[in-house]
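Consider the aromatic side chains of the structure below. How are their rings arranged, and what surrounds them?

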Amino acid sequence: MVEWTEFERNTIQSIFANLNYEVTGAKALARCLVVYPWTQRYFANFGNLYNAAAIMGNPKVAAHGTVVLHGLDRAVKNMDNIKATYAELSVLHSEKLHVDPDNFKVRLLSPTFTTCMQSCVCVVEQSCDVMSLLDPQLLADCLTIVVAAQMGAAFTAEVQAAFQKFLAVVVSSLCRQYH
Amino acid sequence: IMSLSAKDKAAVKAFWAKAATKADDIGSDALSRMLVVYPQTKTYFSHWKDLSPGSAPVRKHGKTVMGGVAEAVAKIDDLTGGLLTLSELHAFTLRVDPANFKILSHNLLVVLATQFPEDFTPEVHVAMDKFLSALALALSEKYR
């Protein structure tokens, strides 16, 4: 069970309350694809990822970045049980949507999944499966950089510590759901 | 190892030209963050009176570290050869676990993002990340 100080709770709530999920999500994912180009492997059908400009202007990247941030939002609202939050979403997804995790890699690229992507529930299952392929720490690091750029001096060492701790717990909880 | 392309080197030099003027602040801030966010790194500085962000020893050491980074930029075409002495220092005298190079690099990137939000684009970010990785590798040369 993760212990959060008052400062950490307030910091995380405050950061996310002031984030534009569309803008930040898009920037973080695009940055990840540029800085760690091997991650493009998992977005083969996203269209033009040929160079940084293309990636940063790609609407599918932007849309997916938003989905990721909305997925994080669940953890922000359930800081005392992040592990269960993602476990619950994972179970819900596999039961309600009858997703076979083995097939999920293929479904990831199907048109059905694209509509599915609108729901943040999908982020988790997707994350669970992608977990086997993609190091979530890479995206976490890029999100840290994007938020740091946005907040400037307000992103103090203590704020950075709280933010990185939060992301570490999320990453760890997501990894747990993959067997 | 991912070697630096001509494009990477150009990006690093261009960005460094802007960042160099704030080198001392950058060094101090990066070190401060490292000590707060990764408290295990404090063990290397148990001889300091004050480990708090922006303290005198932190500022002084930040300056030293950034001097090393500046030297690396100047010797970007041959980091291994150029940083030989520094590598020996880190390997035989300081004995800093090389895992910590990645930690400091991360905090340097975070500081650059806060100080240069417009200039620290994804392209600059990847070039700087590659450069700092290459720098760390050059520093690790003499370890074993």
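Buried is used here for a relative accessible area under 20%, exposed for over 50% and partly exposed for values in between, with a 1.4 Å probe and protein chains only. The model is predicted: local features need pLDDT of at least 70, side-chain atom pairs count only at pLDDT 80 or more, and totals for chains, interfaces and linings use all residues. Residues are numbered from 1 along each chain as its sequence is written, chains are lettered from A in the order in which they are written, and side-chain values use heavy atoms, without hydrogens and water.

Rings of Phe, Tyr and Trp (its six-membered ring) pair if their centres lie within 6.5 Å; planes under 30 degrees apart count as stacked, over 60 as edge-to-face and the rest as tilted. Over all chains, the whole structure holds eleven aromatic pairs. Phe16(A) and Tyr21(A) form an edge-to-face pair, because their planes stand at 85 degrees, with the ring centres 6.3 Å apart. Phe16(A) is buried at a relative accessible area of 4%, and Tyr21(A) is buried at 11%.

In chain B, the rings of Phe15(B) and Phe120(B) have centres 5.8 Å apart and planes at 50 degrees, so this pair is tilted. Phe15(B) lies in helix α1 (residues 6-19) and Phe120(B) in the loop between α6 (99-115) and α7 (122-140), so the pair ties together parts 105 residues apart in sequence. Helices are DSSP runs (H or I, at least four residues), numbered from the N terminus. Phe15(B) is buried, at 2% relative accessibility, as is Phe120(B), at 1%.

Back in chain A, ring pairs join Trp4(A), Phe16(A), Tyr21(A), Phe155(A), Phe163(A) and Phe166(A) into a cluster.

Notes
Helix = DSSP H or I, 4+ residues; strand = E, 2+ residues; numbered from the N terminus.
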